[in-house]
Amino acid sequence: MKPKPPILKYFLLSLFLSLPLLLFFFSPKGTSTHSPPRNSNSNSDDLRIRPGFTTYDAYIQRQLNKTLNPKLRETWLTRDWGRKVRVFATFFEVLKQKGLLFNESKALCIGARVGQEVAALRLVGVGDSVGIDLVPYPPLVIKGDFHQQPFHDGTFDFEFSNVFDHALYPEKFVGEIERTLKPGGVCVLHVALSKRSDKYSANDLYSVKPLLKMFMASELVHVRKVDGFGLDTEVVFKKKVIQRS
């Protein structure tokens, strides 16, 4: 048997040594029904991402465990419905009095579950309103992931959310709000600062400072104390209007 030429021998050796690296880069990672946004370095003294979410699908499934819980859904639709709609309506009336919400506003409620917030908006006269959640509840709530809103840029005049603590990627959550708000549009967040949120939360917020950093295209309007079903602080931002010369 003839010995292999030196060039062929070196080629085969290099191919053998490179094989593990090639397998690492080109091997399939598994299929996923949800593509996670790029992770962001959100952890700080005032905003901490909770550990334990190994994949984005695992995070989504944990949120679905709450949203699809039959006992919770029955409570949201019966015992809690009237009370929560009335309280949300009170919040929205205050915002209307401050000139931050109008009957003509096109409004979005983020993480709306069964749509209590949407029903409250319609109750105070904001008819063009809709909610998004992982599980739709027509006609009030359509299916949507708040990390990747299913809307075009500049769609809404007003966005409301009380589920910031459920965001695994807070910067992406805020970025999607600013993307889908019109210039001059208003975002209202209800958050918990004085106590930790429930077991389904993905982050813990300790001050409004991280929000001020994340809302880069907006100006702070006000911060005030509220009693919002376990949430104690209302933070309002207004998207800047870019002046063109």
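**A pair of helices**

Modeller: Helix α4 crosses helix α5 in a right-handed manner (the near helix is turned clockwise from the far one by less than a right angle). The model is predicted, with pLDDT of at least 70 required for local features and 80 or more for side-chain atom pairs, while totals for chains, interfaces and linings use all residues. Numbering starts from 1 along each chain as its sequence is written, and side-chain values use heavy atoms, leaving out hydrogens and water.

Helices here are DSSP runs of H or I with at least four residues, and strands are E runs of at least two, numbered from the N terminus.

On the α4 side, the contact (heavy atoms within 4.5 Å) is made by W81, K84, V85, F88, A89 and F92. Helix α5 contributes Q116, E117, A119, A120, L121 and L123. Sorted by class, the contact between α4 and α5 holds nine nonpolar, one polar and two charged residues.

Residue R113 is placed in the loop between β2 (107-110) and α5. The phi of R113 is near 55°, a positive value in a residue that is not glycine. Elsewhere, C109 is buried (under 20% relative accessible area), with a value of 1%.

Note on methods. Nonpolar A, V, L, I, M, F, W, Y, C, P; charged D, E, K, R; others polar. Buried < 20%, exposed > 50% of the residue type's maximum accessible area, 1.4 Å probe, protein only.
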